[in-house]
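Q: Please take this model apart term by term. For each label, give the definition and the value, then conclude.

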Amino acid sequence: MKRAWTRRTALAAGAAMAVLAAAGGAAAQDTEIGEVIVTAQKRAENINDVPVAVTAVSGEKLDAIRSSGGDIRVFSARVPSLTMESSFGRTFPRPYIRGLGNTDFDLNASQPVSFVYDEVVLENPVLKGFPLFDIDQVEVLKGPQGTLFGRNTPAGVLKFASARPTQDLEGYAQASYATFSTINAEGAISGPIIPGALAGRLSALYQHRDNWVDNGFTGEKNVLEGYDQFAVRGQLLWTPTEAFSALLNLHYQHLDGTPRVFRANIIEKGTNNFVDGFDRDTVFHDAEPRSIQKVESSGANLLLTYDLGGPEITSITAYERVDTYSRADIDGGFGAVFAPPSGPGLIPFPSESADGVPFHGQFTQEVRLAGDSGALAYTLGAFYFRESIKIDSYSFNTLVGGAQDGYAYQNQKTESWAVFANLDYDLTDALRIGGGIRYSDDKKDFLAQRTQSPVGAPPTPILRASPDSSEVSFNLSATYAASDDLNLYARVSRGYRAPSIQGRLVFGDTLSIAEKETVMSYEAGVKGDAPGGRARFDATVFYYQVEDMQITAVGGGANFNRLLNADEAVGYGFEFNAEAEPIDRLRLTAGLSYNKTELKDSDLFTQPCGSGCTVLDPAGPLPGTVRIDGNSLPNAPKWIANVTAGYSWPVGAGELFVFTDWAYRSKVNFFLYQSAEYGDDRLLEGGFRLGYRAPQTWEVAVFGRNITNDKSLEGGIDFNNLTGFVNDPRIIGVEVKAGF
């Protein structure tokens, strides 16, 4: 396995180098691949001028990875140092950047990777599952972004920018049909309502997949993994003068589907291989008839900008809400050893549960002043955040028809405010220095209670907690133009995550609180264009140190989540991106990252699996515990590599095109402790598109995702049996698109 892993890594590195080598050989030609403009510093800049490790995804690559109707997790391993997984389903993604993330599955989980959608932060993890459609660009900012993006960004930020209204009439419609009757249809129309003053854009998305997983226990065919999802966004852009604009954004989504499918005893004991006879198309669930997942969310935001004749004032006011309910067969099998028949394999006890959010509301307000006066560029601002959420948690007795036997609730209110400033100054024509600072203040009020216990425990009293914190985040940077085509940069930054609370009381009696965590990050890099503009590249090395790192002990023998603070965690590595057009009509991209992470806390211990797994860590100070000092962080692969290649041939008025993309992720461990079973050695998924494009009119293509039908574990459930969940199978389809 080690030799194979090394070969794959070497091949990926070789592909990345080949992109630059091919471009270098064609440098004498005149065709350029063009600038990439990003807003990583809340202003439009060339990606090569930004002293931040940022990867932008747009165009053909964005279209390809979204072509099978996938959710936000399609970006996992398609960007260096980025992975995503979920034990919830098409919503509630759990992102990780440079190994930093959160395995917590509770509906108020705090994550160190922030999502910013059309300049609005989405705090709740279910909000982060809002589908992508009519998107201009996705930006992945790596490392702490606390100065400009605030709390809960110590790992980085994912920024999503929707296409905006235009003064010219334009639009498109596209639809695809694929394996499992997968339908992915979206469209938009944009144009003037009052020419020169008011423009609008209406975008919509519909996604469907038939159930395709059979239930071998009931004998029913095609009962799980299907979904229907609809989303719509309307925008109005008012520009009464050249100095003032107002952009109103209203959006809504509804998801009706099945939850994440857990599969009992699919992992071979003593290894992380699938058991003999594993079939991705079949499960054996006794609670499947009651499985359900529904999500509904909506929001509105108003973006105001006013040009003062140099400085510009920006205001973003936003409100987001979501409600959800998800019920699933957690043990992944049927029956129990004490209530035969049972299986597959050993089922110690049945587990069927549900979580719901009957109420959630998030309000945010940001105001900033930005300008550029000669050598000095500045951004000054203030931010306010308020969120309220109620969470209901249920357990059910599968052996008596799924009757409810447990209930607990959580109420949480969060309030936060911040002020910030960021400055960049040109010391010379070649050297620019920058720095920023942000003061944040956070407070939470939390209460929870269990009123019904599945094991007969008495109700708990109402348990309360009100943690608060304040923190100063900052960044310092320097960018040196070594030539017209090459920039060198260095950056030091400090990030912050506010305190977190966990109160899943159905199986527990106490709250757990993680104090605030802070991150110091150091990185240096190079960004440039090859002579002749045939290639663009960037490379970064980094080191970070997390103090009081918030970690989540998921499941284990205790069957509930607990929040912990580790004294320290460290990580280091490098990232590389390249894009090239070595010859006309051939476009290549490559990405590569290496991440080494380590927990450092000699007193840190946790309960390992309750599922009979093979624990590899030394025993802890208490019976049934293990020490986890020195372990890598969960879901933190050392290697990520991705490549794409596209080529087109002129045919008539249009062109034939072919495009392929490949993503590789090395070994990951799913939990804080190490075991032989709960991890995956590697994931390698590829895709293709082949079609004909008539410029500005229509396009038709066949496509495939996971074309080698890779089977990989994406996560596990460790408290009952050797349960896992897996990646999607191969999808093949056809897509048509028309525009005007």
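A: Start with a sheet. Five strands form an open sheet with mixed pairing, in the order β3-β8-β9-β6-β7. Strands are DSSP E runs of at least two residues, numbered from the N terminus. The model is predicted, so local features need pLDDT of at least 70 and side-chain atom pairs pLDDT 80 or more, while totals for chains, interfaces and linings use all residues. Residues are numbered from 1 along each chain, and side-chain values use heavy atoms, without hydrogens and water.

Q: What makes β3 and β7 edge strands?
A: β3 (53–57) and β7 (120–122) each have a single partner strand, so one side of each lacks a neighbour in the sheet. On average, neighbouring strands here are turned by 20° against each other, direction ignored. The axes behind that angle are lines fitted to C-alpha atoms, and angles run from 0 to 180 degrees between N-to-C directions.

Q: Why do β6 and β9 count as paired?
A: Two strands pair if DSSP finds at least two bridges between them. Strand β6 (residues 113–117) and strand β9 (residues 156–162) have five bridges, in the parallel sense, so they count as paired. Phenylalanine 115 has leucine 158 of β9 as its bridge partner.

Q: How many bridges join β13 and β17?
A: Strand β13 (residues 213–215) and β17 pair over two bridges, in the parallel sense. The cut-off is at least two, so the pair qualifies. In β17, valine 283 is the bridge partner of asparagine 215. The three-strand sheet is open and mixed, in the order β14-β13-β17. Its edge strands are β14 (220–224) and β17 (282–283), each pairing on one side only.

Q: Why is serine 87 called buried?
A: Buried means under 20% relative accessible area, exposed over 50%, and partly exposed in between (1.4 Å probe, protein chains only). Serine 87 has 15% relative accessibility, so it counts as buried. Serine 87 lies in the loop between β4 and β5 (94–97).

Q: What makes a set of residues a nonpolar core?
A: The members are buried Ala, Val, Leu, Ile, Met, Phe, Trp, Tyr and Cys residues, joined through side-chain atoms within 4.5 Å. The largest core has 70 residues, and those with the most contacts inside it are Phe75, Leu158, Met549, Leu599 and Tyr678. Strand β32 (residues 535–553) gives the largest share of this core, six residues. A second core is separate and has 13 residues, including Val36 and Val157.

Q: What makes a space a cavity rather than a pocket?
A: On a 1 Å grid over the protein atoms alone, a cavity is a set of points where a 1.4 Å probe fits but cannot get out. A pocket is an open set with protein on both sides within 12 Å along at least five of seven lines. Lining residues have an atom within 4 Å of a point. A volume is the space filled by probe spheres set on the points, which are joined across faces, edges and corners.

Q: Which strand gives the most to the lining of the second largest pocket?
A: Strand β22 (residues 352–373) does, with seven residues. This pocket holds about 1100 Å³.

Key. Helices (H or I, at least four residues) and strands (E, at least two) are DSSP runs, numbered from the N terminus.
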